[in-house]
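Here are my notes on the model you sent. Please read them with the structure open.

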Amino acid sequence: ANPKGVMLTHTNFLKNLEGCISAFNFTEKDILLGILPLFHTYALTTNLILPVCMGATVVYHMRFSGPKVLEAIENHKITSLFAIPSMYRVLLRTAKTSNYNLSSLKLCTSGGEPLPGDVLESCNKTFSVPLTEGYGLTEATAIVSVNLPDKFKYGSIGPPLNNLEIEIADDNGYFQPKNKEGEIWVRGPNVMKVYFKLPEETKKTITSEGWLKTGDYGKLDEEGLLWITGRKKELIIISGENVSPNEIEHVSSGYQKVFEVADLGVPDKVRGEVPKAFIALRENMTCSENEMKEYCEKYLPHYKVPMYFEF
């Protein structure tokens, strides 16, 4: 499919910025490290518009390199780092074989893709500051919610920014009670204007009351924290049951031999779809299908255990 052009206004960016400044307690004394590509709204907001509007400092790197990032944190006394999970995985590997001073860091935030539990745990053991996870999408001008050190719950992606609303809706558009899963809807001054020259797509995505249908599945807990359970389009339908690949990946990535994993549904004559796992092992490791299957069976119901593995 062709990419959709998301039309964002200056007000969209400035309002999203207000929410971020409030959540992260940024000041002009902060020093950020720019390692994300600026054509992405996550980077554009956090690594360019935020420091420029705050009068803070940002140190840019053309190419991502584990040693160079850790060296920059030490040399420039970086206080804030925004990155994606795969970058943190590389930084962890580098940190284990080096001895850089990272004590200046006050904030490490992950976004752009789901954060595997093993990366979160390893970062919290390795770095002097907890790794927090955020959630957002281009249509909502980058950031919707973020887990913060003072309001943190393992596995959640934190409370929404203070200038927007979140509801969980079922397939008929009815809002769900706490802890009930459904599609995440967002409303606020951060929601895009329209999809460029796609009025029908815009109408399907933004309701008449201004709610943005994100296409992501999740739930709100009793404290108002948001939990992501998967992508609406990526759900694996097993014998009529909706299964999120995230849940299977979260379990698989916890195995000591696994470096990275991705799961998706493949056709099955009996059950409609079954899960298949694509696994990258850690260096010099070998692993069999049976070994992975036995590990997954300890933590997942039988029908969610991948039927196929590709290493």
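This is a predicted model: local features need pLDDT of at least 70, side-chain atom pairs count only at pLDDT 80 or more; totals for chains, interfaces and linings use all residues.

1. Every value here is computed from it.

2. Main core. The largest nonpolar core holds 64 residues. Leu33, Ile73, Leu81 and Tyr88 touch the most other members.

3. Tyr88. Look at this residue next. Leaving out residues up to four places away in sequence, Tyr88 touches Leu81, Phe82, Ala83, Cys108, Thr109, Ser110, Val119, Cys123, Phe127 and Leu131. Leu81 is itself among the core residues that touch the most other members.

4. Helix 5. This helix spans residues 117–126. Which of its residues are buried? They are Gly117, Asp118, Val119, Leu120 and Cys123. These buried residues pack against helix 4 (85–96), strand 6 (131–135) and helix 7 (245–252). Val119 and Cys123 are also contacts of Tyr88.

5. Cavity count and volume. Searching the whole structure gives one cavity of 30 Å³ or more. The volume of the largest cavity is about 40 Å³.

6. Cavity lining. Leu115, Leu120, Leu131, Thr132, Glu133, Asn147, Phe152, Gly155 and Ser156 line the largest cavity. Leu120 is one of the buried residues of helix 5. Leu131 is a contact of Tyr88. Which strand gives the most to this lining? Strand 6 does, with three residues.

7. Four lining residues of the largest cavity are nonpolar, four are polar and one is charged.

Notes: Residues are numbered from 1 along each chain as its sequence is written. Side-chain values use heavy atoms; hydrogens and water are left out. Buried means under 20% relative accessible area, exposed over 50%, partly exposed in between (1.4 Å probe, protein chains only). Helices (H or I, at least four residues) and strands (E, at least two) are DSSP runs, numbered from the N terminus. Contact means heavy atoms within 4.5 Å. A nonpolar core is a set of buried Ala, Val, Leu, Ile, Met, Phe, Trp, Tyr and Cys residues joined through side-chain atoms within 4.5 Å. On a 1 Å grid over the protein atoms alone, a cavity is a set of points where a 1.4 Å probe fits but cannot get out, and a pocket is an open set with protein on both sides within 12 Å along at least five of seven lines; lining residues have an atom within 4 Å of a point. Grid points are joined across faces, edges and corners, and a volume is the space filled by probe spheres set on the points. Ala, Val, Leu, Ile, Met, Phe, Trp, Tyr, Cys and Pro count as nonpolar, Asp, Glu, Lys and Arg as charged, and the others, Gly among them, as polar.
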